[in-house]
Each structure stands twice: as structure tokens, then as C-alpha cells.
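Okay, hi everyone, thanks for making time.

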Amino acid sequence: MAKVIKVAIAGEGGQGVQSIAEILAEAANEEGKNALYIPNFGVEQRGGVSIAFVQVSDGEIGAPKFQKADILIPVSPRAVERTKTYAGKDTVYIYDNSLIQEGEVNDNIIGLQYFDVTPPCPTAEHPNADLPQDLIAGEPKTCSFTKPGPGVDPDDIPEVKKVVAIPANDIAKNEMHPRVFNVIILGAVIAATEVLPMDSIKRALETKLGDKFNKNPELREMNFKALERGYQLIKSAM
């Protein structure tokens, strides 16, 4: 019977964990594998943890959800707390050890979308202040959903098979761009699971972001660089 690879990725709304799962599932389907993606969104009014459940296999996939993950990746301190139940003795646990904390989403931005207007930034010091940022051509204006903080307390990490810490948020902000944070995490998922070749993920990125890539080839280069960086972070640690 073919093994089913079970992956759970969790983070704050806005960190792109659902996009990671969508791309992973799409790439798996294109490779002729079976893939199942189930999103779970936080319901707290002031922001919540979003969890993406993905299963990939060469054979049949049974239940749509699972109790323990083979690969568990919480990318915010609050996600570490929220996902402890999915950690088991055979779990490979990858977390972001950047010194960050979640930005509280204030009542005055609830329901506003990042389309024609730019809502107040949830991580600004004042409710209606927008943080400065480097804009990418063709990309909407946005801001980070995390801010400097104490980061993850190692004592909060559950007992698992293996723990790998990567500074994904720091790398995205300091070396690349905050918008490719989730692509770094996607690269980490591919390295940890080895369930799909890198080329299939790049093709899936092209499918999802092809129009933007064509308008701005530098955006393609930055995303592929982030993908490779996440991959190498895990390979060098494992």
C-alpha cells in the first residue's frame, strides 16, 4: 500500500499558508499523484490561526483529515500552540525561529480587503498608520502581519521525531521581500517531504502567478530564489 504523506502548515491570516497548500496539491495532481487539501480558517475576530491540511500519495487517500502529521510546520508563535495536537512521535517539526510576534487585527480593519484600498496595517504602532515598504511592480500594496517580538519559546515545542528551526521570516524581510515568505516555507515543505520534484512546484507557481511573472520577470526570479532558499535551509539542517 502506497504511503500517504500528511502535512499540516499553520500561520496567521495573511502569511499565505493556504496558498502553499494549494500549490502543493496542484503540483501533486500534475505529477499524477493523489492529493487532498483541506483548509481550516481561524474564526477569532482579532485574527486567528489558519491551518492547511495536505495529503499526497501515489495510492488512495482515506480520511480527509488526520490526527498526526508527518510534517508539521507552524510559522508563528501562536500557530505553535494551536497545532500541538497534530504533533506525534514520528513527526518532523519545522518552525520559524525568527524573533517575531503576531500583529493584532484591530476592529477598524475587519472586513476590509487589499484590493482598491489599503486598509490600516495591523502591525503599525497606531491603528491608522501604514508601515513603509518596498513595493513590487504589479503587486498591490500590503504590509506584514507580524512584527518584532520574542519569537517561539523552545519549551513550547512538543515532543516529536525531529525539530528543525529556520529563520524564514528574517530571510524574507532582510534578504528578499516579505511577500515571498510563504514561498520559502513551500521550499522547506518540498525538502522535508521529498514527495515532489522542484520543477513541478515551479510549474505550479507559473500556473498560479504566470500573468504577474510575465509582467515582471524579476518577480519570477525572486519567487524561484525563495523556493530554492527554503529547500536548502532544510537540506542543510537534516
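Predicted model: local features only at pLDDT ≥ 70, side-chain atom pairs only at ≥ 80, totals over all residues.

Which residues of α1 are the buried ones? We've got Val17, Gln18, Ile20, Ala21, Ile23, Leu24, Ala25, Ala27 and Ala28. The helix itself runs over residues 17-30, so that's 14 residues, because we count both ends. From the first C-alpha to the last, α1 reaches 20 Å, close to the 20 Å expected at 1.5 Å a residue. After α1 comes glycine 32, and its phi is positive, near 85 degrees.

Now over to serine 98. You'll find it in the loop between β5 (92-96) and β6 (100-102). Is serine 98 buried or exposed? Its relative accessibility is 1%, so serine 98 counts as buried, the cut-off being under 20%.

What does its side chain do? It makes a polar contact of 2.6 Å with the side chain of aspartate 96. A polar atom of the serine 98 side chain also lies 3.3 Å from the backbone nitrogen of asparagine 169. Leaving out residues up to four places away in sequence, serine 98 touches Gly151, Ile166, Pro167, Ala168, Asn169 and Asp170.

That brings us to helix α3, residues 168-175, where Ala168, Asn169, Ile171 and Ala172 are buried. They sit on the same side of α3, because they cover an arc of only 165 degrees around the axis.

Definitions and conventions
Residues numbered from 1 in each chain as written. Heavy atoms only, no water. Buried < 20%, exposed > 50% of the residue type's maximum accessible area, 1.4 Å probe, protein only. Helix = DSSP H or I, 4+ residues; strand = E, 2+ residues; numbered from the N terminus. Arc of directions from axis to C-beta. Expected span 1.5 Å × (residues − 1). Polar contact = N/O pair within 3.5 Å; in protein donor to acceptor, adjacent residues only side chain to side chain. Contact = heavy atoms within 4.5 Å.
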